[in-house]
Amino acid sequence: MKTKQLVFASLLAGYTAISLIACKPKNTSNAVSGDAAAKAYVAPGKYDEFYNFVSGGFSGQMSVYGLPSGRLLRVIPVFSQDPEKGWGFSEETKPMLNTSHGNIPWDDLHHTQLSKTAGEIDGRWCFANANNTPRVARVDLSTFRTAEIIELPNSGGNHSSPFITENTEYVVAGTRFSVPPDDVNGDIPINSYKQNFKGTLSFISVAKEDGAMDLAFQIQCPGVNFDLSRAGKGVSHGWFFFSCYNTEQANTLLEVNASQKDKDFIMAVNWKKAEEYLKAGKGKKQSVKYAHNVYSDKTHSATSEIKTEVTVLDSKELSDICYFIPCPKSPHGCDVDPSGQYIVGSGKLAALIPVFSYDKIQAAIAAKDFAGDYDGIPVIKYESALYGEVKKPGLGPLHTEFDGKGNAYTSFFVSSEVVKWNIKDLKVIDRAPTYYSVGHLCIPGGDTKTPNAKYLIAYNKITKDRYLPTGPELSQSAQLYDISGDKMQLILDFPTIGEPHYAQACAADILKSKSLKIFKIDDNQNTYVAKGEKETKVVREGNKVHVYMTAIRSHLTPDNIEGIKLGDEVYFHVTNLEQDWDVPHGFAIKGASNAELLIMPGETQTLKWIPNRVGISPMYCTDFCSALHQEMTGYVRVSPSGSNVPLQFSTGDKKPASETTGK
Ligand code: RUQ
Ligand code: CUA
């Protein structure tokens, strides 16, 4: 949800006396007791127990923290350019940020989700959504790098995403903003929303062996806002649940106009049935445009392909795929418990938490126990789907995680707390303040069949007085609670990068042995690789100059280049010859208008440089790689465009190769 400015409209009948801007809990100073710090202490040189994959919100990136220490281990660039690593700046990574709108250097990453097999985290990939220009990314957890990005057509605001089925059969995404379908003329009045705007759910298949994504099909739905979702699991495997708000179908001042109805919906989707219809040829081909970008660890380069067709199933025509369940009021989170039986709706403006029963939903569907339809989709009666309600849990429920011991933990933005309640009897057991205004929660494996109920992390929107002031902007923050006992105990605060929304965590043991240490130089299939200094060269092709360069402690080859002229485009293809863990080299040259390269052992990356003045331009390694790192430098001589200075290059006395001139 949208950050700090979030102020709920004061139209809420039941809450008029209470300020709906976050309230501040009392006794902030004594919230941490005696042995708390020791529980989060990880001694120098010792490893954390868990990896925590945290969304970066408007930073567009994903960050990885160790738990319980809260140490930042890595920032993985996903949807935003990252000059630190050259992501989106190097020629090899630029295609990853391509879309049907062209190159997009930024997005808003809200939710991370680890791949699963049989409902358990398998440590292979972590998926993430781009909320603004709809995309889904797959991060490879052997390299901790973004391996694939797929754009979603017929969507606007990919918020309800990316949520996966229990064997990662599909990554699923629901559009937050309904929009006219991509293949119709969208030049229409905005207030024709009710007639012309549609919601779309996207099902992206994931290949078992290598994770390759493909947009398998979409389901066209009524025009509402799809907010969040979860796959069924166990008994409810084969179903998906989406929270929907703005069932008023307002197109302006949603703050008021989308909060009129007492109940919005959770939509239950039978995706196994949808698959049957797809196989039976019930889908319609629609012409669209979307980018599909793939990064190869063999060529160390990305390719981007624009695809032009998608198969769409119509939820109105195929009337037994989608069902609405009334849910009070403007639901945000929609979470499924470890057994798959209970579906928890979190109405941002509701004074209770409804818990729905999968069995009751099925019985209601079988008995056609409907209260009419909404835009052609059957609406199950609230009471018929309801297991029960958690009464007076707090204000502004957002998200729920589970501990696998029969308890649920729900975040409350407005009352700024985490509330623990029992799924069976729906009684509140414990509550703990957050500092302040918590959004998402995470328990390691909290959405799997067997959560690890040791820690709970709250990701907060407002930091206020928790850290030293840093001007008008304060870092958002996370808070770690020990939940191994009956009472939640706050044990650590740590700042986060960007705005954390959802996060997932998994045991370090699942991942750490799979982590890649180097890329094998012999396997490098980059077009411009130099597998040793003997293969270095400089090749002119018209006004393009390709420098096949190598980097090894502590020199660049070649390190002197002459014969570059104004009007040239120079491509430095730098291969890092090291075959040792944790020895990257960097590369930068004066006047370059992009960023550095940071090249891992065995990898080739390319910096494009268009010199715009005559003279000498120094270049150097940017990563302190050895005692003689400061010596890892070189020069390029740039001459006027008509000059006849010959193209030549060298390192030391020996020229690495004789002058090479292409056509
Ligand atoms: S969602 S708290 Cu709740 Cu994207 Cu951010
Ligand atoms: Cu290579 Cu510094």
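# Reading a predicted model, feature by feature

Guide: P162 is found in strand β10, where a strand is a DSSP run of E with at least two residues, a helix is a run of H or I with at least four, and both are numbered from the N terminus. The model is predicted, and for that reason local features need pLDDT of at least 70 and side-chain atom pairs count only at pLDDT 80 or more, while totals for chains, interfaces and linings use all residues. Residues are numbered from 1 along each chain as its sequence is written, chains are lettered from A and ligands numbered from 1 in the order in which they are written, and side-chain values use heavy atoms, with hydrogens and water left out.

Visitor: What is the form of the peptide bond from S161 to P162?

Guide: The omega angle is the value to look at, and the bond from S161 to P162 is cis, with omega near -5 degrees. A cis peptide bond also joins Y435 and Y436, where omega is about -10 degrees, and Y436 lies in the loop between β29 (428-433) and β30.

Visitor: Is S330 buried or exposed?

Guide: Burial is read from relative accessible area: under 20% is buried, over 50% is exposed, and values in between are partly exposed, using a 1.4 Å probe and protein chains only. S330 is buried because its relative accessible area is 3%, whereas K392, with 74%, is exposed.

Visitor: Why does C244 count as buried?

Guide: C244 counts as buried because its relative accessibility is 0%. This residue has its place in strand β15 (residues 239-245). To see what surrounds C244, look for contacts, meaning heavy atoms within 4.5 Å; leaving aside neighbours within four places in sequence, C244 is in contact with V224, N225, F226, D264, F265, M267, F324 and P331.

Visitor: Which residues of the largest nonpolar core touch the most other members?

Guide: In soluble globular proteins, nonpolar side chains tend to be buried together. A nonpolar core is a set of buried Ala, Val, Leu, Ile, Met, Phe, Trp, Tyr and Cys residues joined through side-chain atoms within 4.5 Å. Here the largest core has 30 residues, and L201, F203, I219, M267, V269 and I321 touch the most other members.

Guide: On a 1 Å grid over the protein atoms alone, a cavity is a set of points where a 1.4 Å probe fits but cannot get out, a pocket is an open set with protein on both sides within 12 Å along at least five of seven lines, and lining residues have an atom within 4 Å of a point. Grid points are joined across faces, edges and corners, and a volume is the space filled by probe spheres set on the points. The largest cavity holds about 100 Å³ of space, and β6, β10 (160-164) and β14 (225-231) each supply at least two residues of its lining. The second largest cavity has a volume of about 50 Å³, and its lining residues include N154, K198, Q220 and V312.

Visitor: What is the volume of the largest pocket, and which residues lie nearest its centre?

Guide: The largest pocket has a volume of about 1300 Å³. Its lining has 40 residues, of which R74, F144, S515, L516 and W581 lie nearest the centre, and β3 gives the most to that lining, with four residues. To sort a lining by class, count Ala, Val, Leu, Ile, Met, Phe, Trp, Tyr, Cys and Pro as nonpolar, Asp, Glu, Lys and Arg as charged, and the others, Gly among them, as polar; the lining of the largest pocket then divides into 21 nonpolar, nine polar and 10 charged residues.

Visitor: Which residues come nearest to ligand 1?

Guide: A residue is near a molecule or strand if one of its heavy atoms lies within 4 Å of it. Of the 10 residues around ligand 1, H110, H159, H332, H399 and H501 come nearest. By class, this shell has one nonpolar, eight polar and one charged residues, and β6 (109-117) and β30 (438-442) each supply at least two of its residues.
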